[in-house]
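Subject: Structure handover

Hello,

Here is the structure for your files. My notes on it follow below.

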Amino acid sequence: MIVLAAVAVLLPFAAAFIGMIFGPTISHLLTPLARRLRRSVPPGAANGRARTLARRLPANGPALVAVLPVAASTVLAAVVAVAQWQHPRPRTGTLTVVRTGGIPFGLSLEVDGTAAVVALLVCCVALAVQIYSVAYMRDDPRYSSYAAFVSLFTAAMLLVVLSGDLLALYVGWEVMGVCSYFLIGHYWHDRATSRAAVKAFLVTRLGDVGFLFGIFVLGLAAHSFEIGTVLSRVPSMSHTTLVAGTLLLLCGLAGKSAQFPLHTWLPDAMAGPTPVSALIHAATMVAAGVYVVARLYPAFLFAPAALAVLGVMAAISMLGAALAALAQDDLKRVLAYSTISQLAYMGGGLAVGTRDGALFHLLAHGAFKALLFLGAGCVIVAVGSNMLSAMGGLRHTMPVTFWSMTVGFAALAGVPPASGFFSKDTILSQAWHATRPEHTQAWFASTPLNSGIQRLTVSVPSVPTWTAWLVLSAGLLTAAVTAAYATRTWLVAFFGERRSATGAGEATGLMRWPVAVLAVPALVIGFLGLGSDELRPELGMTLVSLLFVVAGGGAVFLVWNRDPALDPVRLLGPARPFLRDGFRLDTVYDVLVVRPLVALAEMVVHTDERAVDAAVVGTGRGTRRLGGLLRRTENGNPQTYISGVLAGVVLIVLAVVVLT
């Protein structure tokens, strides 16, 4: 099984290498073949499709290089997941061990239930994105490099998911950061796009510094960077070490998973191609932070202070991002803020002690968020704009996209029986349980999400009750706001009068059918949790949550129904610009961080020019002046030289006479 997992990681990496190096060559070689095929097809309406396919053959060559390896990785990941389901035990394998003179680290893989399921999610979403991109990016001259970076992105996330060593995991973590920079900035000629790519890179790097030091703290304390060894030695580590290590790891989660206060890069990252947004939000990048915390969860259980910090971070992120999403007019920014909010649900689940609930929501979110972003791409292509104000009445002209995105919005809002309903309410139910002050036992049951994790028999402090109350309160309010903005987006985009000047219609098959296929897991994946007591939401909390959902969605529907031509968000009034700008945190950061740093840099430049450079330049000028004085004695006149010698002799004689 380890061999299959290793091949699943290597195939997208090989596809990235081949596509990056040989993609243009493949297109060049296929061009003559495409010309011959076009000439061989007789003219006529019946043969128009064949001629179109022949014309696109050069671009489809790199597409095959991108799609087929990811498809093979998906099959291998499915085989690994089924095998792990049938025989739930961890499997490890080490390719090589690097001797450092201190603590060695190895390139190793570890497959358990969590890794197998998340790896399958990554491959499925990446495959859907690659297929979708064949049509979406077909006219892009840089499609080959784009597809190569998507493949490399996929390989890096698989390395994060399957790695058995913290340092190898960090390699995949950083490769994802580089890929995100290039993919977000794909349209580099647009100044706003390039700025968004730089912002994403710098903000996530800020969190990654803490993440790396967190790895060092835990690895040095355990005398090993192997994940299994680190977790087995967690009970023997000092409390200070665990708190410091876990808090540093949370820096990485805040950056990669776009949580407060490092979340501001994600809405701007929507400047990249829509399939990239689907990949980043659904299966890679933003899911990595939550996944790593879940993978190292025993360390956090022994550090309740870190869980409390995570709970506060999650509560602020989930409610704040949901309110910001409600005020957006850009469809992709609505979904971007919703991702921040839904990831905060996962962080809240981890904070209140439900590791499996958080991972369950990660899987459900991956399905319905990929569906929503790819569906949004279909709508944007049809309408020609990202703005909701340019949409409307699309349910008749885009029926497949409409029904598919209806499932996605239902899952996002937590409407039964969609997947988000089960996973969200599982977290809220656990938060309700955690509000009871009692000493708990840290252990993991054997479920499909955590098979192979050893039972911990050491008692640890329970989650602080105030953290649980904070997560529960924020979660219920967020459920209402989420239902409100999901309902508003659904109504404004697909109902009412058509506001687009273009003749909007369904997207091509390569874009339309991945969206339709993703609607299936977005609808049914929640039922998989009913077989586990931990993943099954409780009836009481489910009813309370549904009341909040109905209140949020129903209020928006009533406002919209009064005048379908107007956007229900108008009721926000003067608060809308403030919420639309994300509480103007970018302005706050500009005032508190950017401007002081720029002023400090200008002061350093001024000091360098007026002090350091002035001293150097002044020394040079003084030396030149002194040299000029000495140069006057070297004028090339022999009489001057003889006069000088005689004068010196006279002075020496006088000195001797006087002194003696």
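**What was found**

Residues 24 or more positions apart account for 81% of the contacts in the chain with a separation of 6 or more. Please keep in mind that this is a predicted model.

The chain has 660 residues, of which 52% are buried. Its elements are 24 helices and four strands.

On the aromatic side, the chain contains 20 aromatic pairs. One of them joins phenylalanine 421 and phenylalanine 422: the ring centres are 5.0 Å apart and the planes stand at 75°, which is over 60 degrees, so the pair is edge-to-face. Both of these residues are buried.

Phenylalanine 422 also pairs with phenylalanine 527. Here the centres are 5.1 Å apart and the planes are at 55°, so this pair counts as tilted. Phenylalanine 422 belongs to helix α18 (residues 419-434), while phenylalanine 527 is in the loop between α20 (509-524) and α21 (539-562); the pair therefore ties together parts that are 105 residues apart in sequence. As for accessibility, phenylalanine 422 is buried, at a relative accessible area of 7%, whereas phenylalanine 527 is partly exposed, at 39%.

Two further items:

- One aromatic cluster is formed by Phe402, Trp403, Trp490, Phe494, Phe495, Phe557 and Trp560.
- Arginine 205 places its charged end over the ring of phenylalanine 201, at 4.6 Å from the ring centre.

Regards

Terms used:
Residues are numbered from 1 along each chain as its sequence is written. This is a predicted model: local features need pLDDT of at least 70, side-chain atom pairs count only at pLDDT 80 or more; totals for chains, interfaces and linings use all residues. Side-chain values use heavy atoms; hydrogens and water are left out. Helices (H or I, at least four residues) and strands (E, at least two) are DSSP runs, numbered from the N terminus. Buried means under 20% relative accessible area, exposed over 50%, partly exposed in between (1.4 Å probe, protein chains only). Contact means heavy atoms within 4.5 Å. Rings of Phe, Tyr and Trp (its six-membered ring) pair if their centres lie within 6.5 Å; planes under 30 degrees apart count as stacked, over 60 as edge-to-face and the rest as tilted. A charge sits over a ring if NZ of Lys or CZ of Arg is within 6 Å of the ring centre and within 35 degrees of the ring normal.
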